[in-house]
Amino acid sequence: MIFIHTPFILPPRFQGLAEQYAPLIPARITAQQRGLYRIHSSKGSENAQVSGKFRHETLTPSDFPTVGDYVMVDENSIIHHVLPRQSVFIRKASGNTHSEQAVAANIDTLFLCMSINNDFNLRRLERYLSAAWSSGAEPVVVLTKADLCDDPRLKMLEVESIASGATILLTSSLADDGVAQLLPRLTPGRTVAFLGSSGVGKSTLINLIMRMYDVEDGSICVDGIDIRDMSREQIRAAIGQVQQDVFIFTGDIKQNIRLRDDAITDETIRQAAVNTNASHFIERLPKQYDERVTERGATFSAGQRQLLSFARTI
């Protein structure tokens, strides 16, 4: 999971809608957990929840805010309105019910990643395309690992036969074979997502964009600037990465978030926990931030270990 911290930008297509609810201010949902939300606005990042009136009048689970939604909030970070969605991904709600639940909204471009060696599967790609078209997002098929295929153009022809209307890109991590074609869609105010099976190269594409390593040929430019002309420190200072498999160390919670960096104060640790909603479970523990942690965090749930890792990252 990648977090890229940028100033809040309300796309022009939402500005007129937001003005109807003045003096409420626009914000965006960046995280959701059990009825609590994390929002990002011109004031920065804050925790939020829906108003009692919103909760009472909302008829279906899919009408509640979800990650990616633009919402209107008051000075106390209470959510009063969800702005009409430009795109939304829907799934069946859990339990014995026919209701639907929104899982992500307002994604402009969905990069559908599939390698053209061992992972090549046209039926799976058809399902991805169906989900993308149904959501309202723009699907872009990204065929990865072109350097591992004897005849990548033949694979492109097969994809074209089922992906009518979708842009198809051919990429390789060894050269500038399509990675630069993603960049025009990575502009301020746009939201993109990467979807694909494990191992198809999603992380490689993201790492190239973030300059975790450099391409061997060609260049990657952001706003016309070759990222190799920027220091790695400049690019990475605003980026945090959290792995899906989180490792928790023996010690206490503060030590796990601080990671031996004595310059990080206890107050900074508490603020990081608040910003990631980790504080909700930490402050219910007997010793709170001084609570002892066993190796790998065996006494915590997977979700709690993830929250600790989020706090550690920011």
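**Basis.** I am working with a predicted model, in which local features need pLDDT of at least 70 and side-chain atom pairs count only at pLDDT 80 or more, while totals for chains, interfaces and linings use all residues. Residues are numbered from 1 along each chain as its sequence is written, and side-chain values use heavy atoms, with hydrogens and water left out.

**Confidence.** I looked up pLDDT, the predictor's confidence in each residue from 0 to 100, and noted a chain mean of 80, with 78% of the residues reaching 70 or more. Over residues 1-5 the value stays under 50, and for this stretch the model has 18 contacts beyond four places in sequence.

**Whole chain.** I counted ten helices and 17 strands, taking both as DSSP runs numbered from the N terminus (helices H or I, at least four residues; strands E, at least two). Of the 314 residues, 43% count as buried, where buried means under 20% relative accessible area, exposed over 50%, and partly exposed in between, with a 1.4 Å probe and protein chains only. The accessible surface comes to about 17000 Å², and 50% of it belongs to carbon and sulfur atoms; the areas come from the Shrake-Rupley method with a 1.4 Å probe, and for residues only the protein chains shown count as cover.

**Barrel.** I traced five strands that close into a barrel in the order β2-β3-β4-β6-β5, with mixed pairing, two strands being paired if DSSP finds at least two bridges between them. From one strand to the next the twist averages 55 degrees.

**Open sheet.** I then followed four strands that form an open sheet in the order β11-β10-β9-β12, with parallel pairing. Because β11 and β12 stand at the edges with a single partner strand each, one side of each is left without a neighbour in the sheet. Neighbouring strands are turned by 25 degrees against each other on average, direction ignored.

Strand β10 (residues 138-144) is mostly covered, with six of its seven residues buried. On one pairing, β10 is joined in the parallel sense to β9 (residues 109-115) over seven bridges, and threonine 144 of β10 is the bridge partner of serine 115. On another, four bridges join β10 to β11, again running parallel, and valine 140 has threonine 167 in β11 as its bridge partner. Helix α4 (residues 152-160) lies across β9, β10 and β11 and runs at about 165 degrees to β11, the angle being taken between N-to-C directions on a scale from 0 to 180 degrees, with axes fitted to C-alpha atoms, for helices over the stretch in contact.

**Glutamine 181.** Where does glutamine 181 lie? I placed glutamine 181 in the loop between β11 (167-170) and β12 (192-195), and it counts as partly exposed because its relative accessibility is 40%. Leaving aside neighbours within four places in sequence, glutamine 181 is in contact with Leu169 and Leu170; leucine 169 is twelve residues away in sequence and 7.4 Å away in space, C-alpha to C-alpha.

**Helix α10.** I checked the twelve residues of α10 (residues 302-313), which should span 16 Å at 1.5 Å a residue, and the end C-alpha atoms are 17 Å apart, which agrees; the expected span is 1.5 Å times one less than the number of residues. Among the buried residues of α10 are Gln306, Leu307, Phe310 and Arg312.

Note on methods: Contact means heavy atoms within 4.5 Å.
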